[in-house]
Amino acid sequence: MRTDRGWRRFYATGWLVSAAAGLAAFAQWHAYVREVERRAEEAERTRDEVARRRAVEERLRIARDLHDSLTHSISVIKVQAGVAAHLARKSGEEPSAALLAIQEASTDAVRELRSTLDVLRRDEITAGNGLDRLPELVERARSSGLPITYTVRGVVRPLRPEVEQAAYRVVQEALTNVTRHAGPAAAAVEVRYGAAAVIVRVDDDGAGSPRPPVPGYGLVGMRERVTGVGGRLRAEPGGSRGFTVVAELPADAAPGPAS
């Protein structure tokens, strides 16, 4: 009898010890699996970031070379058209309308290309532009003759660098578009810090160009920048006049210094 009780206690103890050992082993295995998954996700994210950065660098190089080449070619066209118009006037004739149109179009094209190339080169040199640089950007636009109001709402705090740069570029491109296409206009820039998002808004009251807009890459580039950091972009004309650009960006805090 006592022997049977002893064996039963021995078996029960053995089962308990085995169960405890099994649970401990399972917990260790589960923790190991989670660590492996975390490392795999981190490696994948790092590869994606490296690939994205290389793709952006390559696109920037191609765009820069292409614009350099086009600027040179169109400049030659502009000079030749100007010479032809000068010779026509010198001989007492009026330059043809087609020649004058070529001269005007080439002048506009050179200005647009050089402006775009200037933006590309600034992207390469000043990659660290963030929301703290917006007052300087607004002031430059004011000095060019564009009336602008600038408002910041909410608690200002540092964001992730890529979010800061995306917000800056959205405002920069929006103000550039106002200067180029809105005609006589005033603009308003607002940055609103919320708990989960920062809202960047640029409004203008311009009448726009009397000619149909030429499709370009400004809005496409803004949308790519905003969606690339997990945000949303809305760009649309006003009811009767003006244009509005609103970017909603994630307000994740910037990483602190490593301890």
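V79 lies in helix α1, which spans residues 2–90, helices being DSSP runs of H or I of at least four residues and strands runs of E of at least two, numbered from the N terminus. Together with V83 and L87, V79 forms a nonpolar surface patch with about 250 Å² of accessible area (Shrake-Rupley method, 1.4 Å probe, only the protein chains shown counting as cover; patch residues have over 30% relative accessible area and no salt bridge, nonpolar side chains being joined within 5 Å and like charges within 9 Å; a salt bridge is a side-chain nitrogen of Lys or Arg within 4 Å of a carboxyl oxygen of Asp or Glu).

The model is predicted, with local features requiring pLDDT of at least 70 and side-chain atom pairs 80 or more, whereas totals for chains, interfaces and linings use all residues. Residues are numbered from 1 along each chain as its sequence is written, and side-chain values use heavy atoms, without hydrogens and water. The chain averages a pLDDT (the predictor's confidence in each residue, from 0 to 100) of 76, and 74% of the residues score at least 70.

Five strands form an open sheet of mixed pairing in the order β1-β2-β3-β5-β4, pairing requiring at least two DSSP bridges between two strands. Strands β3 (197–204) and β5 (243–250) pair antiparallel over eight bridges, and I199 has E248 of β5 as its bridge partner. Helix α3 (134–143) packs on the sheet, touching β1 and β2 (187–193), and its direction makes about 165° with that of β1 (contact: heavy atoms within 4.5 Å; axes fitted to C-alpha atoms, for helices over the stretch in contact, with angles from 0 to 180 degrees between N-to-C directions). Helix α5 (218–228) likewise packs on the sheet, touching β4 and β5, at about 155° to the direction of β4.
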